[in-house]
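Me: I have a structure open and want to go through it. Start with the overall layout, please.

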Amino acid sequence: ATTTETREEAIKRLAAMQIAETATFEELDKGYDYTTKWNADEDGRYSLGEETTVFVPMDQPRSCSYDKFNSETRKNEPITIGSSSSPKDAKHGVELRGITLRQLRAIMANIIRRCLTEIWVDFKGEKLDP
């Protein structure tokens with residue numbers, strides 16, 4: 001059995017193909033502006049402060065780490081996982097393949113930029129607002 005496409009479905013498919021040809025993912029490839037009011041002190045404690053905006057470069061290697069509390073120094077110390085200099089074909093364990101907060105923020109920046117200009121809709125056809 002073959003499925004036939006309605007005129008409305010064909011119009012939607014063509015519109016989606018046009019978007020796919022012109023859509024960019026510069027937030028994930030190059031970088032994005034990140035704005036926050038949260039500030040961290042030297043002990044890693046966060047507090048609200050003045051709003052600051054920084055450019056987050058996504059085209060530069062960056063080591064991944066987490067903070068671990070050192071009971072002797074009574075401070076958090078960064079623990080680096082993996083290696084940004086690993087070869088492209090290196091196979092890392094599943095624990096090293098998660099998405100980072102930096103990558104999630106890049107996805108959100110991409111959604112905010114594209115949602116309204118491309119008129120994204122939900123399954124009911126109602127316009128989405130990021």
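Reply: From the N terminus on, the elements run α-α-β-β-β-β-α. This is a predicted model.

Me: How many helices and strands is that?

Reply: The protein has 3 helices and 4 strands.

Me: What share of the residues counts as buried?

Reply: 12% of the 130 residues count as buried.

Me: Which residues make up the largest nonpolar core?

Reply: That core has 5 residues in all: Tyr32, Val56, Met58, Ala106 and Ala109.

Me: Take Met58. What does it touch, leaving out residues up to four places away in sequence?

Reply: Met58 touches the run Glu27, Leu28, Asp29, Lys30, Gly31 and Tyr32, and also Arg102, Gln103 and Ala106. Of these, Tyr32 and Ala106 are listed in the core too.

Me: Different topic. Where is Arg114 found?

Reply: Arg114 is in helix H3, which covers residues 101-117.

Me: Buried or exposed, and why?

Reply: Arg114 counts as buried because its relative accessibility is 10%, and the cut-off for buried is under 20%.

Me: What is Arg114 in contact with, beyond its neighbours within four places?

Reply: Its contacts are Ile19, Ala23, Thr24, Phe25, Ile119 and Trp120.

Me: Back to the whole protein. Of the contacts with a separation of 6 or more, what percentage is from residues 24 or more positions apart?

Reply: Those residues account for 38% of such contacts.

Note on methods:
Residues numbered from 1 in each chain as written. Predicted model: local features only at pLDDT ≥ 70, side-chain atom pairs only at ≥ 80, totals over all residues. Heavy atoms only, no water. Helix = DSSP H or I, 4+ residues; strand = E, 2+ residues; numbered from the N terminus. Buried < 20%, exposed > 50% of the residue type's maximum accessible area, 1.4 Å probe, protein only. Contact = heavy atoms within 4.5 Å. Core = buried A, V, L, I, M, F, W, Y, C linked by side-chain atoms within 4.5 Å.
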